[in-house]
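Trainee: Could you take me through the reading of packing features in a model of this kind, beginning with a single side chain?

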Amino acid sequence: MRKVPVGVHLCQHCKCCQFHWQKKKKERISLTSGLLLHDGTMAGLQELRFPEEKPLLRGQDATELEHDIETPYGLLHVVIRGSPKGNRPAILTYHDVGLNHKLCFNTFFNFEDMQEITKHFVVCHVDAPGQQVGASQFPQGYQFPSMEQLAAMLPSVVQHFGFKYVIGIGVGAGAYVLAKFALIFPDLVEGLVLINIDPNGKGWIDWAATKLSSLTSTLPDTVLSHLFRQEELVSNTELVQSYRQQIGNVVNQANLQLFWNMYNSRRDLDINRPGTVPNAKTLRCPVMLVVGDNAPAEEGVVECNSKLDPTTTTFLKMADSGGLPQVTQPGKLTEAFKYFLQGMGYIAYLKDRRLSGGAVPSASMTRLARSRTSSLTSASSVDGSRPQACTHSESSEGLGQVNHTMEVSC
């Protein structure tokens with residue numbers, strides 16, 4: 001075998017050179033991987049500060065396409081991740097006020113265990129009008145859509161991409177929008193994960209307090225008090241400072257102010273537990289309510305749970321988690337989401353890398369035959385196991401050493 005002089009270009013076609021070319025290619029990949037590992041070890045909080053720059057994990061579907069969708073109430077910026085998978089629903093996300101899909105969901109969807117789910121679904125990230133990165137400022141006098149109108153914009157997204165139905169994941173204001181969407185268009189929603197939802201509109205006292213706060217604080221600080229409880233603002237200073245900078249620098253402040261004003265003028269979410277009032281309105285799909293045990297929205301989520309059908313509602317209160325559980329505890333939320341999908345019949349069994357001694361097959365995502373009105377707590381998996389249907393707190397042993405409590409209403 002002839003030697004290749006140093007500095008000489010290696011041809012990819014010659015058999016003699018091909019060996020050396022492949023060897024150098026592997027060396028470059030190995031070096032790059034080592035640098036990424038070093039960076040991830042030495043700067044563990046970098047993903048929180050710059051979630052939009054977090055590299056894709058190995059094996060992750062890197063296909064992302066941006067779209068501007070025309071709706072009856074203006075354009076919506078949408079990012080599609082992956083491609084449609086047969087007749088399976090899309091996972092549609094909606095972020096909280098003060099954020100966009102990157103700041104709200106990148107940490108969660110880039111989490112390694114989440115890839116066992118997302119590789120089987122197309123993901124549709126929706127940014128509220130004018131909240132995406134690089135958005136132009138709305139002109140003077142622009143009327144921001146109401147919360148009901150924001151919900152009414154989503155069917156245009158579903159129709160544009162040809163989705164039959166979606167599984168929604170919303171946080172805060174986004175959770176309220178998705179709940180409204182499911183109430184108005186129930187046939188388009190297969191399931192909902194609602195994080196930090198507050199079903200109540202603001203009263204005059206709350207409105208006055210918010211108005212006073214806006215006069216004495218900057219807009220990013222006002223939004224931070226919505227995202228984090230006071231204890232977390234003091235104790236988790238690195239995370240809070242990171243989001244303070246990004247809310248102030250990444251999101252257009254004039255557009256954010258319009259969204260913030262509209263969210264604070266929302267009406268009560270018109271839902272009641274079936275049987276409590278005549279012709280009660282409720283969410284017809286399976287719902288998982290999520291809140292951190294140190295989150296400002298805790299009372300609102302508890303009240304929302306009391307107004308939903310207990311046979312189709314799961315209430316997850318996450319220990320050691322504050323106002324952004326999808327950012328601070330992505331592993332726990334991913335595990336709960338897997339169980340939620342299993343209860344809906346979209347996952348045959350769960351893959352837990354921490355419990356497996358070696359490689360195991362990927363989780364099956366074939367939709368099981370079931371009625372749209374079937375109970376989440378009675379949906380069976382392929383192996384015949386059934387989730388328990390009583391109110392209780394599950395210890396970490398029940399969820400593969402995941403340290404949180406899950407309260408299932410009945």
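**Contacts, core and rings**

Mentor: Apart from neighbours within four places in sequence, Leu-192 is in contact (heavy atoms within 4.5 Å) with Gly-168, Leu-178, Ala-179, Ala-182, Leu-283, Cys-285, Pro-286, Val-287, Met-288 and Phe-340. This is a predicted model, in which local features need pLDDT of at least 70 and side-chain atom pairs count only at pLDDT 80 or more, while totals for chains, interfaces and linings use all residues. Residues are numbered from 1 along each chain as its sequence is written, and side-chain values use heavy atoms, with hydrogens and water left out.

Trainee: How many residues does the largest nonpolar core have?

Mentor: A nonpolar core is a set of buried Ala, Val, Leu, Ile, Met, Phe, Trp, Tyr and Cys residues joined through side-chain atoms within 4.5 Å, where buried means under 20% relative accessible area, exposed over 50% and partly exposed in between (1.4 Å probe, protein chains only). The largest here has 93 residues, and Leu-192 is among those with the most contacts inside it.

Trainee: How is a pair of aromatic rings described?

Mentor: By the distance of the centres and the angle of the planes. Rings of Phe, Tyr and Trp (its six-membered ring) pair if their centres lie within 6.5 Å, with planes under 30 degrees apart counted as stacked, over 60 as edge-to-face and the rest as tilted. The whole structure holds ten aromatic pairs; one of them, Tyr-142 with Phe-144, is edge-to-face, at 6.5 Å between centres and 80 degrees between planes.

Trainee: Why does the pair of Phe-144 and Phe-259 count as stacked?

Mentor: Their centres are 5.5 Å apart and their planes at 25 degrees, so the pair is stacked. Both Phe-144 and Phe-259 are buried.
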